[in-house]
Amino acid sequence: MAEPTSLEMRIKTLEDIEQIKKLKAKYWRCVDRKLWDELAECFTEDATADYGPKVQLQGRKAILQFLKDSLGQETMITTHGGHNAEIEIVDDNTARATWALNDMIIIQPSTRMEGWGYYEDVYARQNGQWRKKSTKIVRYLEEWGMQKR
Amino acid sequence: MAEPTSLEMRIKTLEDIEQIKKLKAKYWRCVDRKLWDELAECFTEDATADYGPKVQLQGRKAILQFLKDSLGQETMITTHGGHNAEIEIVDDNTARATWALNDMIIIQPSTRMEGWGYYEDVYARQNGQWRKKSTKIVRYLEEWGMQKR
Amino acid sequence: MAEPTSLEMRIKTLEDIEQIKKLKAKYWRCVDRKLWDELAECFTEDATADYGPKVQLQGRKAILQFLKDSLGQETMITTHGGHNAEIEIVDDNTARATWALNDMIIIQPSTRMEGWGYYEDVYARQNGQWRKKSTKIVRYLEEWGMQKR
């Protein structure tokens, strides 16, 4: 018979889940507020990102460069809202999650893209801090239009 | 004077709240990805669903049939985003929650419905797993239009 | 060397985070359902609200009056969805958080405003209950248009 999980282990699992939720929230906040240095903390150095069939990125540096180049202009407004977290702590330093996303990208003065999809993420704990090790977005829907005022 | 709740009980309550959040996230993910077998796990066999004045469903089988019939066609895209969870653990095997919902239903090639509302749910734990025992959606707002591209 | 945090303290922190999430969810639910008496419980008596450059409010009474006056008419429908919580328990009775917001205000029969932004909040525990002590909204984006049907 398996030994019952200790209280300490159960608390740690709950803390890990909350920390991963905060990591994901920080990632979106840093993108939307263009906080690139703080955004860098969200990824492991060897992180990979699959942001769509044509956007396969290897390494934190490449991911940050892509995000800055594609979303960082002063004429752009982005909003990312995360929902429906399903987080699984796989082992002491590994976790997995799915999330739903609703995002908006405004390229002033005219273009508006609203999107819906989901993430499939893997996280790693390094030096006591959870980071994104791999992230993948699958889109259900994109709506392109004119910016509304 | 009431005896203080044991640490184990307090941890269990936190775990239950997280499990119910995951259950709700799984429910929406399974609807949006059309994963009907996995969706069945989200309901008790005697579950009821109140999806509006004309949609009163009794039993898991009827609920699944309704969801498949109304949202399952390949021409449909749905997105469900949950917010604002208020979960209350009532007793060892019963919980209640309210949630806010923002959903979208696209019936290709043309119809688009975006909705806002809230859920009132009751959950039961059966064989160690939380499931929906009753679910009710009250809508604030529906917007019908043409699909955007 | 710092003494390790006791299990009880770690559980309490997790409980506090969940209570603050519920407080925020209750706040939005009470606004959207126009439950003004219940809404009052969400604020400390000396709470402040910064709802934009022209809306600086001092005290629970002023905040409630503003919310009732600006969102309370029967012709208005509002929906508030919160995301991306980053909650920090500062000390036993103080916490801070950022949140992302997507809200909608319909003024029937015609006006529609959809907004995106983020909150910066401070919470205080009073008589065992977390309440909003200060709240600030910064908007990324507002879209004004006609109500859709």
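**View 1. Chain A and chain C as superposed copies.** In this predicted model, chain A is superposed on chain C by a rotation of 120 degrees with 0.0 Å of shift along the axis, at an RMSD of 0.0 Å. This is the relation of a three-fold axis.

**View 2. The interface of chain A and chain C.** The contact brings together 29 residues of chain A and 23 residues of chain C. About 2200 Å² is buried between chain A and chain C, with carbon and sulfur atoms giving 53% of that area. The size of an interface is often given as the accessible area lost when the parts come together.

View 3. Six salt bridges are counted between chain A and chain C. One of them joins Arg10(C) to Glu8(A), where the closest N and O atoms are 2.9 Å apart. On the side of chain A that touches chain C, the elements giving two or more residues are α1 (7-33), β3 (76-91) and β4 (94-107) of chain A. The largest share of that side comes from α1(A), with 15 residues. By class, the residues on this side of chain A are eight nonpolar, eight polar and 13 charged.

**View 4. The interface of chain B and chain C.** Here 23 residues of chain B meet 29 residues of chain C. The area buried between chain B and chain C is about 2200 Å², and 53% of it lies on carbon and sulfur atoms. Three residues, Arg10(B), Glu86(B) and Tyr140(B), supply 27% of the area that chain B buries against chain C, more than any other three residues.

**View 5. Arg10(B) and the polar links to chain C.** Between chain B and chain C the count is six salt bridges. Among them is the one between Arg10(B) and Glu15(C), with 2.7 Å between the closest N and O atoms. Residue pairs in polar contact, both at pLDDT 80 or more, number eight between chain B and chain C. The side of chain B that touches chain C takes two or more residues from each of α1 (7-32), β3 (76-91), β4 (94-107), β5 (111-126) and β6 (129-146) of chain B. That side of chain B holds 11 nonpolar, four polar and eight charged residues.

**View 6. An aromatic pair in chain C.** Over all chains, the whole structure has 18 aromatic pairs. One of these is the tilted pair of Tyr118(C) and Tyr140(C), 5.4 Å centre to centre with 55 degrees between the planes. Tyr118(C) lies in strand β5 (residues 111-126) and Tyr140(C) in strand β6 (residues 129-146) of chain C, so the pair ties together parts 22 residues apart in sequence.

Conventions: Residues numbered from 1 in each chain as written. Chains lettered and ligands numbered in written order. Predicted model: local features only at pLDDT ≥ 70, side-chain atom pairs only at ≥ 80, totals over all residues. Heavy atoms only, no water. Contact = heavy atoms within 4.5 Å. Buried area = accessible area lost by both parts, 1.4 Å probe. Salt bridge = Lys/Arg side-chain N within 4 Å of Asp/Glu carboxyl O. Helix = DSSP H or I, 4+ residues; strand = E, 2+ residues; numbered from the N terminus. Nonpolar A, V, L, I, M, F, W, Y, C, P; charged D, E, K, R; others polar. Least-squares fit on C-alpha atoms with pLDDT ≥ 70 in both. Phe/Tyr/Trp six-rings, centres within 6.5 Å; stacked < 30°, edge-to-face > 60°. Polar contact = N/O pair within 3.5 Å; in protein donor to acceptor, adjacent residues only side chain to side chain.
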